[in-house]
Amino acid sequence: MPRNPSTGVYSKPAGTTPSVGQIIDPAPWNALTTDLGNEITNSLPRDGSAPMIAPLKAAGGTVSAPGIGFASTPQTGLYLKGGGLLGFAQNGVDVSFDQALVYAAKSGDYMALASDGSAVHRFTAAATLTLTAASTLGANWHYCVIADGGDVTIDPNGSETIDGAATLVLKDGYSVNIICSGAAFFTNKLFARIQSKADSAAVGDFVVGLILSNNGGTPNTHIDFTAGSARSGASFVSSAASFTKRVTGTFAAGMGAGGLDAGAVAANATYFAYALRKDADLSFDVVLSSSPTIGGITTTLLTGYTVVKCIGVVLTDGSSNIRPFVMYPRDEYTFLTPVKDAIGAAITTTSALLALTVPNGVKVKSKLRFEFTSSATTNAALLSDPAQGSLVAGAGSDGGNVGTIQVASSFAVGSQEIWTNTSRQIRVVLGGSTGSIWIWNDGFHFPCGRSS
């Protein structure tokens, strides 16, 4: 009989085991020689002169003893992994190869599976991509995500992390490769590098847009910011749409939420508006602080944010409401109702400091109008920048910017833009005798880097 096809065992025909003196029966011996000839024909020549004509079935083997190996290096070859997967052993160590790349478009939320290893998925809308547990996917599982129609939030299983964070928001227009370690997920950091490149490649500090205004519906408590962008050093953030924050609450992320870095809104206070960038997804936000410098901001509520740059300022009145204002190009503010910072205030020949309704803690250029009266017919007053020191008013000295007409106790008017000190003050001095002055404050220039 021929070789058993299931076991590969050859059993010779009955009657082909001779004994001495036995007469040979030709039938079984002819069958034997026929079987041997067939099996020799079906054997694979060692010199490779003929190929296999049916599948070659090898032993399953192991990584240290592969089913198909080499005489010189028996620990290198092919073996059968669990789950019917083909394994490649090299000196007794498993070598992994990628499966064929699979592309698919996704229009909504999706869970990445083990079968998605080496896949490229293009998301055509905003979506959440949930990752199967890292232990299920296993080490070396990897996957490419393209955001092409909206932000994609990548959310690992349970408490697992991606690049050390609970989630990763892939911004629209970017892509990222995800790698599984068997316990956590990591990316190739290209997305982060592109973000940092956008920071480091540009030069200079500036603000474009982000114009401040009282909110139309709740002008006393809410501030609107137009679309725009801001840069300071290596930090950059932009907002494609208008944004709103309120002064009646401490900071919380998002449109219309509280904006104060600490405490409660105060009367006659100054709040500097700082552009924020959320580290996880580069989104825009604003914090309001009484500190004129980034270093003075209370950052307790700002974990996960980078403070980019001061983009404006907000003043409150005696009722803790936001003073109504209009903001013009080049960081110019105009009060809708002029503020009377002096009403018949007595001035003398001794230079004195006078406080104005302008931002505190910084120097600004105040926009002032004056009215002056004196019993002397040729008297004049001089209002000036405190940085100039104590000037002397009068035609023979440092001059003046408002003076009486040639009638005693009459009035004269004048106007000028004057820089303040960081305590909101300017200097006022009289040329001779005594007099009184009224000062209307129309607003101020607070430079933040807008060029138009």
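Take Lys81 and its partner: how exposed is Lys81, and what does its side chain meet?

A: Lys81 is partly exposed, at 27% relative accessibility. This is a predicted model, and every value here is computed from it. The side chain of Lys81 meets that of Asp94 in a salt bridge, with N and O 3.2 Å apart. Asp94 is partly exposed too, at 29% relative accessibility.

Now place the two residues on the chain. Lys81 lies in the loop between strand S1 (77-80) and strand S2 (86-90). Asp94 lies in strand S3 (residues 93-95).

The Lys81 and Asp94 pair is one of them.

Start with Asp331 and Arg450. They form a salt bridge whose closest N and O atoms are 2.6 Å apart. This pair links distant parts of the chain, 119 residues apart. Asp331 sits in the loop between strand S23 (325-328) and strand S24 (332-347). Arg450 sits in the segment after strand S31 (435-445). Buried or exposed? Asp331 is buried, with a relative accessible area of 2%. Arg450 is buried as well, at 6%. Buried means under 20% relative accessible area, so both residues qualify.

Next come Asp442 and Arg369. Their side chains meet in a salt bridge of 2.7 Å, N to O. Asp442 lies in strand S31, and Arg369 lies in strand S26 (residues 365-374). They are 73 residues apart in sequence, so this pair also ties separate parts together. Here the two ends fall into separate classes. Asp442 is buried, with a relative accessible area of 18%. Arg369 is partly exposed, at 33%.

Glu39 is found in helix H1 (residues 26-42). Glu39 counts as buried, at 14% relative accessibility. Its C-alpha atom is separated from that of Arg3 by 7.6 Å. Along the chain, Glu39 and Arg3 are 36 residues apart.

What about links between cysteines? A disulfide is a covalent bond between the sulfur atoms of two cysteines. The count here is zero disulfides. Take Cys180. Its sulfur is 16 Å from the closest cysteine sulfur, in Cys144, which is too far for a bond. Cys180 is buried, with a relative accessible area of 3%. Cys448 is in no disulfide either. The nearest cysteine sulfur to that of Cys448 belongs to Cys310, 4.1 Å away. Cys448 is buried, at 5% relative accessibility.

Finally, step back to the whole protein. It has three helices and 31 strands. Its C-alpha trace spans about 165 × 40 × 30 Å along the principal axes. The radius of gyration is 42 Å, whereas a compact globule of 452 residues would have one near 22 Å. Buried residues make up 40% of the 452. Contacts across the sequence matter for the picture as well. Among contacts between residues at least 6 apart, 59% join residues at least 24 apart. The accessible surface comes to about 22800 Å², and 56% of that belongs to carbon and sulfur atoms.

Notes: Residues are numbered from 1 along each chain as its sequence is written. This is a predicted model: local features need pLDDT of at least 70, side-chain atom pairs count only at pLDDT 80 or more; totals for chains, interfaces and linings use all residues. Side-chain values use heavy atoms; hydrogens and water are left out. A disulfide is a pair of cysteine sulfur atoms within 2.5 Å. Buried means under 20% relative accessible area, exposed over 50%, partly exposed in between (1.4 Å probe, protein chains only). Helices (H or I, at least four residues) and strands (E, at least two) are DSSP runs, numbered from the N terminus. A salt bridge is a side-chain nitrogen of Lys or Arg within 4 Å of a carboxyl oxygen of Asp or Glu. The radius of gyration is taken over C-alpha atoms; the globule rule is 2.2 Å times the number of residues to the power 0.38. Contact means heavy atoms within 4.5 Å. Accessible areas come from the Shrake-Rupley method with a 1.4 Å probe; for residues, only the protein chains shown count as cover.
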